[in-house]
Amino acid sequence: MSDNCIFCKIVAGAIPSRKVYEDEDILAFHDVNPWAPVHFLMVPKRHIPSMAQVGPEHAALLGRMLTLAPQLALQEGCRPYPEGGFRIVTNTGAEGGQEVHHLHVHVMGGPRPWARG
Ligand code: AMP
Ligand code: ZN
């Protein structure tokens, strides 16, 4: 847990979230400011600031997050590929548009137009 990290606080239950999925290592919850009809975030429970800090020791965790994303996207209402689908985004650093410095994967989908993206 990193001090003053909003996503660490969500993982700890100190800040409420609308949960999509949880296991020992991963939490997924709805984005409070959705860009799309379906928009949730997937985070590792352990604090990693961004993709800039990942190494070989995170390969299994990141692999699990990415392979889980399509399953959760369907569960949350994205239509199946190819008519439906989803967008996966990970902003990294200031120039990458990252605002919350706890690694997270945005999963967005649903009928267009979207609010953004
Ligand atoms: P990023 O710009 O990639 O760092 O995205 C951070 C995302 O976190 C934004 O889409 C925010 O809407 C979202 N967010 C911030 N605070 C919360 C919160 N308390 N619960 C859910 N999503 C949040
Ligand atoms: Zn954190």
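Lysine 45 is partly exposed because its relative accessibility is 22%; here buried means under 20% relative accessible area, exposed means over 50%, and partly exposed is in between, with a 1.4 Å probe and protein chains only. This is a predicted model, in which local features need pLDDT of at least 70 and side-chain atom pairs count only at pLDDT 80 or more, while totals for chains, interfaces and linings use all residues. Residues are numbered from 1 along each chain as its sequence is written, chains are lettered from A and ligands numbered from 1 in the order in which they are written, and side-chain values use heavy atoms, with hydrogens and water left out.

**Salt bridges**

- The whole structure holds four salt bridges, a salt bridge being a side-chain nitrogen of Lys or Arg within 4 Å of a carboxyl oxygen of Asp or Glu.
- Lysine 45 pairs with glutamate 22 in one salt bridge, where the closest N and O atoms are 2.8 Å apart.
- That pair links distant parts of the chain, since lysine 45 sits in the loop between β3 and α2 and glutamate 22 in strand β1, 23 residues apart.
- Helices (H or I, at least four residues) and strands (E, at least two) are DSSP runs, numbered from the N terminus.
- Glutamate 22 also forms a salt bridge with lysine 19, with 2.5 Å between the closest N and O atoms.
- Glutamate 22 is partly exposed, as its relative accessible area is 36%, whereas lysine 19 is exposed at 52%.
- Elsewhere, aspartate 25 and arginine 64 meet through their side chains in a salt bridge of 3.3 Å, N to O.
- Aspartate 25 lies in the loop between β1 and β2 and arginine 64 in helix α2, so this pair ties together parts 39 residues apart in sequence.
- Salt bridges with shared partners join Lys19, Glu22 and Lys45 into one network.
- Aspartate 25 is partly exposed, with a relative accessible area of 34%, and arginine 64 is partly exposed too, with 35%.

**The sheet and its helix**

- Five strands make an open sheet in the order β1-β2-β3-β5-β4, with antiparallel pairing; two strands pair if DSSP finds at least two bridges between them.
- At the edges are β1 (19–22) and β4 (86–89), each of which pairs on one side only.
- From one strand to the next, the twist averages 20 degrees.
- Helix α2 (residues 59–75) packs on the sheet and touches β1, β2 (26–30), β3, β4 and β5, where contact means heavy atoms within 4.5 Å.
- The direction of helix α2 makes about 155 degrees with that of β3; axes are lines fitted to C-alpha atoms, for helices over the stretch in contact, and angles run from 0 to 180 degrees between N-to-C directions.
- Strand β3 (residues 38–44) and strand β5 (residues 105–109) run antiparallel and are joined by five bridges.
- Methionine 42 has valine 105 in β5 as its bridge partner.

**A nonpolar patch**

- Leu66, Phe86 and Ile88 make a nonpolar surface patch of about 250 Å².
- Patches are made of residues with over 30% relative accessible area and no salt bridge, joining like charges within 9 Å and nonpolar side chains (Val, Leu, Ile, Met, Phe, Trp, Tyr) within 5 Å.
- Accessible areas come from the Shrake-Rupley method with a 1.4 Å probe, and for residues only the protein chains shown count as cover.
- Leucine 66 belongs to helix α2 and is partly exposed, at 47% relative accessibility.

- Proline 111 is found in the segment after β5 and is exposed, with 62% relative accessibility.
- Proline 111 and cysteine 78 lie 33 residues apart in sequence and 8.2 Å apart in space, C-alpha to C-alpha.
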